Amino acid sequence: VVILEHIKNKKNPIHGIVGKGVTFDTGGNQIKPGDFMYDMKWDMWGAAVTYALMKELDRHNIDKNIVACLVLAENVVSSNAYKPSDIIRGYTGKTVEIIHTDAEGRLVLADGMSYLGKNYKTTSMMTIATLTGACMVALWYRYAGIMWTNEEFIWNLLDQSKVHTEKYIRLPFDDHFIEKTKSEIAD
């Protein structure tokens with residue numbers, strides 16, 4: 001974990017950004033097909049973009065309190081790699097059932113978010129990640145998929161997307177999908 005702080009006034013709210021930095025992702029024990037393995041060195045783009053964003057905040061002297069957490073890891077096959085059905089304990093103390101060993105990004109992001117929330121009392125938080133190949137299959141290189149619970153922020157980002165180079169599209173994020181994440185044997 002690498003923490004970057006851009007604190008201008010401690011009396012003002014602190015916003016958090018968590019960047020996924022999986023430096024290489026084989027898929028773990030549920031290994032990726034060979035054709036998809038070579039590009040997995042790019043699974044650290046979320047952390048790289050977050051780092052660049054923090055550098056720009058400093059360079060432009062932006063008057064906001066922002067703290068970033070770069071969560072760095074590898075997901076490789078080894079004698080102590082997680083297996084499907086393993087139960088792990090996250091930073092919050094809650095248990096998580098490993099359904100698929102190629103879902104490591106969600107785990108490191110969750111721990112980064114928990115760390116910032118606990119130690120910085122953030123009022124808002126955003127994650128930046130290359131999170132799922134399925135999203136890219138659906139949207140290809142035309143759009144970046146986004147999910148957020150803050151309606152104002154989503155609509156602002158989508159409006160900005162219409163006039164700038166990078167295009168975003170909102171992905172579904174409702175009770176149906178939250179219900180699908182529940183485990184019978186873990187928190």
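The radius of gyration used here is taken over C-alpha atoms, and the rule for a globule sets it at 2.2 Å times the number of residues to the power 0.38. The structure above is a predicted model, and for its 187 residues a compact globule would have a radius of gyration near 16 Å, while the protein has 17 Å, which agrees. Along the principal axes, the C-alpha atoms of the protein fill a box of roughly 45 × 35 × 35 Å.

With these overall dimensions in mind, one can turn to the elements of the chain. The protein has six helices and eight strands, and, read from the N terminus on, these elements follow the order β-β-α-α-β-β-β-α-β-α-β-α-β-α. Among the contacts between residues at least 6 apart in sequence, 69% join residues that are at least 24 apart.

The next topic is what is covered and what is left open. Of the 187 residues of the protein, 30% count as buried, and the protein exposes about 12,500 Å², of which carbon and sulfur atoms supply 57%.

Is Met136 buried, exposed or partly exposed? Buried means under 20% relative accessible area and exposed means over 50%, with partly exposed in between, so Met136, at 35% relative accessibility, counts as partly exposed.

How values were computed: Residues are numbered from 1 along each chain as its sequence is written. This is a predicted model: local features need pLDDT of at least 70, side-chain atom pairs count only at pLDDT 80 or more; totals for chains, interfaces and linings use all residues. Side-chain values use heavy atoms; hydrogens and water are left out. Buried means under 20% relative accessible area, exposed over 50%, partly exposed in between (1.4 Å probe, protein chains only). Helices (H or I, at least four residues) and strands (E, at least two) are DSSP runs, numbered from the N terminus. Contact means heavy atoms within 4.5 Å. Accessible areas come from the Shrake-Rupley method with a 1.4 Å probe; for residues, only the protein chains shown count as cover.
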